[in-house]
Amino acid sequence: MKFDTLKQGISLYENYARVSGFDTRLYLTKKRKSDGKISLKYCVCNKGVLEKHQDFMQTAKRKDQ
């Protein structure tokens, strides 16, 4: 799913979480070195664990450089 703004995406997930009965938290933000713009942001369930995504994060880091 693609959003026009980061705020719209986070808002959708937070509304979904509220209706589904769980809370969210912002977990990780990555910015591009070239211009400082956010290139990756994780919004997760308050009980979510991102350890499963270490490979993905390493790939994203390499692409960002």
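How much space lies in the largest pocket? About 270 Å³ lies there, in what is a predicted model. A pocket here is an open set of points on a 1 Å grid over the protein atoms alone, where a 1.4 Å probe fits, with protein on both sides within 12 Å along at least five of seven lines. Its volume is the space filled by probe spheres set on the points, which are joined across faces, edges and corners.

Residues are numbered from 1 along each chain as its sequence is written, and side-chain values use heavy atoms, without hydrogens or water. Local features need pLDDT of at least 70 and side-chain atom pairs count only at pLDDT 80 or more, while totals for chains, interfaces and linings use all residues.

The lining of the largest pocket includes Phe3, Gly9, Tyr13 and Cys43; lining residues have an atom within 4 Å of a point. Strand 2 gives the largest share of this lining, five residues, and helix 1 and strand 2 each supply at least two. Helices (H or I, at least four residues) and strands (E, at least two) are DSSP runs numbered from the N terminus.

Helix 1 covers residues 6–20, 15 residues in total, and reaches 21 Å from its first C-alpha to its last, close to the expected 21 Å. The expected span is 1.5 Å times one less than the number of residues. Gly9, Ile10 and Ala17 are buried in helix 1. They lie on the same side of the helix because they cover an arc of only 95 degrees around the axis, taken from the directions from the axis to the C-beta atoms. Lys7, Arg18 and Val19, on the other side, are exposed. Buried means under 20% relative accessible area, exposed over 50%, and partly exposed in between (1.4 Å probe, protein chains only). The buried residues pack against strand 1 (24–31) and strand 2 (38–45). Just after helix 1, Gly21 has a positive phi of about 90 degrees.

Ala17 has a relative accessible area of 1%. Beyond its neighbours within four places in sequence, Ala17 is in contact (heavy atoms within 4.5 Å) with Phe22 and Thr24. Ala17 and Val44 are 27 residues apart in sequence, with their C-alpha atoms 9.5 Å apart.

The structure holds zero disulfides, a disulfide being a pair of cysteine sulfur atoms within 2.5 Å. The table gives the sulfur distances.

| Cysteine | Closest cysteine sulfur | Distance |
|---|---|---|
| Cys43 | Cys45 | 9.9 Å |
| Cys45 | Cys43 | 9.9 Å |

Cys45 is partly exposed, at 23% relative accessible area.
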